[in-house]
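Me: I have a model open and want to learn how to read it. Can we take it feature by feature?

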Amino acid sequence: SDILTNSEWETCLELVKRPRWEYGRASLPSTELITFWKMSLSDENFFTDTVKNRIDEVTGKIHQLDKVVANGQTFGQAGQYHPDNEVHSSGQVGLSARTFLIYCNEDYLPDMGGHTYFWNKKDKEIIVTTPWPNSGVYFSGDELHKGMPFNRQTHPLRISIAFTLFC
């Protein structure tokens, strides 16, 4: 089901269309040669208040928001498996890192690609989530995952918004 209301979804789409994208985000600090697009959204009240409150409502948990970043991937810009178990920017320890991804493309068909892969090393399995518009996935910061771009023929930019949360 949809994460955001219709009016919130329209606002979200407008905000990610702004020309604030920067090139150079990497899944892992040690792999800076494998990069994609990013837009910091931590200074946007819409994301830090409205959407964060919606995430709290959907998950049934109250979180501390650390940062919000939009990730953009064009064809050929596959991510690498990585965890998001970062240390809170304040340096506070003892908090459990969580990530909430919202898929932020206006349309989607299954042949477009753009899935998120979760690698469960212990059970030797890959779990795949589909980037349906206005849907999301909530997961532990230590889960290995990577985002994949859309297919070349179908869509120019796959956009996900990553909320780094602690609880």
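Reply: Start with a helix. This is a predicted model. Look at H1: on one side of this helix, Asn6, Ser7 and Glu14 are exposed.

Me: Which residues of H1 are buried?

Reply: The buried residues of H1 are Glu8, Trp9, Cys12, Leu13, Leu15 and Val16. Viewed down the axis of H1, they fall within an arc of 165°, so they line one face of the helix. The general idea is simple. An α-helix has 3.6 residues a turn, so residues three or four places apart point the same way.

Me: Glu8 is on that list of buried residues. Which residue forms a salt bridge with Glu8?

Reply: General idea first. Side chains of opposite charge can pair when their charged atoms come close. Here, Glu8 pairs with Arg54, and their closest N and O atoms are 2.8 Å apart. Arg54 sits in helix H2 (residues 45-59) and Glu8 in helix H1 (residues 6-16), so the bridge ties together parts that are 46 residues apart in sequence.

Me: Is Arg54 buried or exposed?

Reply: Arg54 is buried, at 17% relative accessible area. Glu8 is buried too, with a relative accessibility of 12%.

Me: How many salt bridges does the structure hold?

Reply: It holds 7. Take Arg20 and Glu44 as another case. Their closest N and O atoms are 2.7 Å apart. This pair links distant parts of the chain, 24 residues apart. Arg20 is in the loop between H1 and strand E1 (22-26), while Glu44 is in the loop between strand E2 (35-40) and H2. Arg20 is partly exposed, with a relative accessible area of 31%. Glu44 is buried, at 15%.

Me: Which residues are linked with Arg20 and Glu44 in a network of salt bridges?

Reply: Arg18 and Asp43 are linked with them in that network.

Me: Now cysteines. How many disulfides does the structure hold?

Reply: It holds 0. Check the sulfur distances. The sulfur of Cys12 is 3.2 Å from the closest cysteine sulfur, that of Cys104, which is too far for a bond. The cut-off is 2.5 Å. Cys104 is likewise in no disulfide.

Me: On to pockets. How much space lies in the largest pocket?

Reply: The idea comes first. Rolling a probe the size of a water molecule over the atoms shows where empty space is left. In this model, the largest pocket holds about 460 Å³. Its lining has 28 residues, and the closest to its centre are Arg25, Ser27, Asn71, His82 and Asp84.

Me: Which strands each supply at least two residues of that lining?

Reply: They are E1, E2, strand E3 (64-73), strand E4 (97-103), strand E8 (144-147) and strand E9 (158-166). By type, the lining divides into 9 nonpolar, 12 polar and 7 charged residues.

Me: What is the volume of the second largest pocket?

Reply: About 150 Å³. Its lining includes Leu13, Val16 and Cys104. Leu13 and Val16 are also among the buried residues of H1. The lining of this second pocket divides into 6 nonpolar, 2 polar and 2 charged residues.

Me: Last topic: backbone angles. What should I look for?

Reply: Most residues other than glycine have a negative phi, and most peptide bonds are trans. Lys124 has a positive phi of about 55°, although it is not a glycine. Lys124 sits in the loop between strand E5 (116-120) and strand E6 (125-129). Lys124 is exposed, at 75% relative accessibility.

Me: Where does Asn134 lie, and what is its phi?

Reply: Asn134 lies in the loop between E6 and strand E7 (136-140). Its phi is near 60°, a positive value in a residue other than glycine. Asn134 counts as buried, at 3% relative accessibility.

Note on methods: Residues are numbered from 1 along each chain as its sequence is written. This is a predicted model: local features need pLDDT of at least 70, side-chain atom pairs count only at pLDDT 80 or more; totals for chains, interfaces and linings use all residues. Side-chain values use heavy atoms; hydrogens and water are left out. A salt bridge is a side-chain nitrogen of Lys or Arg within 4 Å of a carboxyl oxygen of Asp or Glu. Helices (H or I, at least four residues) and strands (E, at least two) are DSSP runs, numbered from the N terminus. Buried means under 20% relative accessible area, exposed over 50%, partly exposed in between (1.4 Å probe, protein chains only). On a 1 Å grid over the protein atoms alone, a cavity is a set of points where a 1.4 Å probe fits but cannot get out, and a pocket is an open set with protein on both sides within 12 Å along at least five of seven lines; lining residues have an atom within 4 Å of a point. Grid points are joined across faces, edges and corners, and a volume is the space filled by probe spheres set on the points. Ala, Val, Leu, Ile, Met, Phe, Trp, Tyr, Cys and Pro count as nonpolar, Asp, Glu, Lys and Arg as charged, and the others, Gly among them, as polar. The arc is that of the directions from the helix axis to the C-beta atoms.
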